[in-house]
Amino acid sequence: MKRRIYTEDHEAFRAVVRTFLEKEVLPHYEQWEKDGIVSREAWLAAGRQGLLGIAVDEEYGGGGNPDFRYGAVLAEEFTRAGTPGLALGLHNDIIGPYLTSLATDEQKRRWLPGFCSGETITAIAMTEPGAGSDLQGIRTTAEDRGDHWVLNGSKTFISNGILADLVVVVARTTPEGGAHGLSLLVVERGAEGFERGRNLDKIGQKSQDTAELFFHDVRVPKENLLGDLNGAFIHLMTNLAQERMAIAVAGIAAAEHLLEITTTYVKEREAFGRPLSRLQHIRFEIAEMATECAVTRAFLDRCIEEHANGALDAVDASMAKWWATELQKKVADRCLQLHGGYGYMTEFPVARAYTDGRIQTIYGGTTEIMKEIIGRSLLG
């Protein structure tokens with residue numbers, strides 16, 4: 001079915017993204033995978049091309065366009081290119097809303113120009129060694145010392161953790177923490193006592209730096225409180241729908257791309273003297289995946305449109321996230337199987353897509369958490 005959610009402006013933006021990928025990302029991506037980190041120059045290039053801060057007001061150097069569909073185009077094209085390591089979606093769609101909706105005018109003047117130019121790379125630090133999806137379990141503390149906070153604790157699995165110049169840290173600002181005692185504090189590169197641990201060795205997304213972060217009596221100025229004191233839980237819940245939508249958009253785009261390259265492969269690959277595509281089992285596999293992708297795409301496009309209009313709720317976002325990412329995982333496994341031994345070779349896109357995509361059902365809230373949110377909405 002023809003997609004109807006994008007205008008000519010969105011498609012013109014898609015062409016810009018594809019050109020950027022061809023010139024600034026794909027020629028360097030293999031080296032970034034070996035290095036375990038992308039080049040800062042790529043971030044600066046993205047800034048020059050207008051791919052950062054799309055929703056940020058023009059006075060701070062942004063695009064001034066909050067339409068989520070531009071972020072969706074970016075996610076689709078980066079997914080099709082197989083280049084998740086340059087985490088522009090994390091920067092724009094996940095961290096950006098915290099800065100645009102919660103920052104004071106003074107904070108916006110300090111942080112947003114660099115955010116849009118690529119000079120300031122961002123991260124958000126929620127997960128801890130003992131606390132993942134359960135925000136009640138956060139142990140990192142921030143003690144009020146009058147004109148500053150003293151931050152202590154550690155975080156792990158932090159995307160952009162090595163490169164980040166600005167880290168939004170979730171910390172307990174009351175002894176009990178939990179839903180009524182967490183705040184967002186912004187820690188800047190170079191703060192005394194702020195240390196980065198290992199660039200973690202993952203099974204996929206090798207070029208996306210993912211790190212441990214440590215905070216030892218870090219002095220955080222009072223003016224670096226982001227949003228309301230003890231209001232982090234509400235702030236996080238408000239922004240999670242967009243985070244989950246961004247992940248879901250990448251999930252269906254990945255499934256569709258894997259189906260496309262596998263369909264081509266089985267037409268060309270021969271077994272027993274004829275193309276694999278002539279075997280009924282192969283045709284049924286392709287038919288099932290194509291149908292699953294088409295049905296999922298219809299729902300996802302509706303969700304994208306609803307979110308662009310400010311009407312998407314947390315339950316629909318949770319449905320989109322768990323369904324699209326579980327489909328991505330299933331399609332990746334089946335497509336790798338249809339490639340046979342070649343599917344296990346890293347030189348084939350399906351192999352990298354298999355390992356790169358496995359995290360999709362985990363970060364942004366696991367599939368199990370998504371089902372719990374949906375179930376509670378229906379059953380109380």
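Hi everyone, let's start on the surface, where D57, E58, E59 and D105 form a patch of negative charge. Asp and Glu count as negative here, Lys and Arg as positive, and His and the chain ends are left out of the count. Each charge is placed at NZ of Lys, CZ of Arg, CG of Asp or CD of Glu. A patch takes residues with over 30% relative accessible area and no salt bridge, joining like charges within 9 Å, and nonpolar side chains (Val, Leu, Ile, Met, Phe, Trp, Tyr) within 5 Å. A salt bridge means a side-chain nitrogen of Lys or Arg within 4 Å of a carboxyl oxygen of Asp or Glu. The areas come from the Shrake-Rupley method with a 1.4 Å probe, and for residues only the protein chains shown count as cover.

Before we go on, this is a predicted model, where local features need pLDDT of at least 70, side-chain atom pairs count only at pLDDT 80 or more, and totals for chains, interfaces and linings use all residues. Residues are numbered from 1 along each chain as its sequence is written, and side-chain values use heavy atoms, without hydrogens and water.

So where does D57 sit? You'll find D57 in the loop between α3 (40–48) and α4 (68–81). Helices (H or I, at least four residues) and strands (E, at least two) are DSSP runs numbered from the N terminus. D57 has a relative accessible area of 41%, so it is partly exposed; buried means under 20%, exposed over 50%, and partly exposed in between (1.4 Å probe, protein chains only).

Y342 belongs to the loop between α9 (314–338) and α10 (349–356), and is partly exposed at 38% relative accessibility.

Next, two loop residues. Q205 is not a glycine, yet its phi is positive, near 45°. This residue lies between β6 (194–199) and β7 (210–221) and is buried, at 10% relative accessibility. N230, also not a glycine, has a positive phi of about 65°. Its loop runs between β8 (225–226) and α7 (232–268), and N230 is partly exposed at 25%.

Finally, a word on domains. An unreviewed UniProt entry gives "Acyl-CoA oxidase/dehydrogenase middle" for residues 123–218; such annotations use the numbering here, with shortened names, and may be inferred rather than shown by experiment. That span is 0% helix and 50% strand, with its end C-alpha atoms 17 Å apart.
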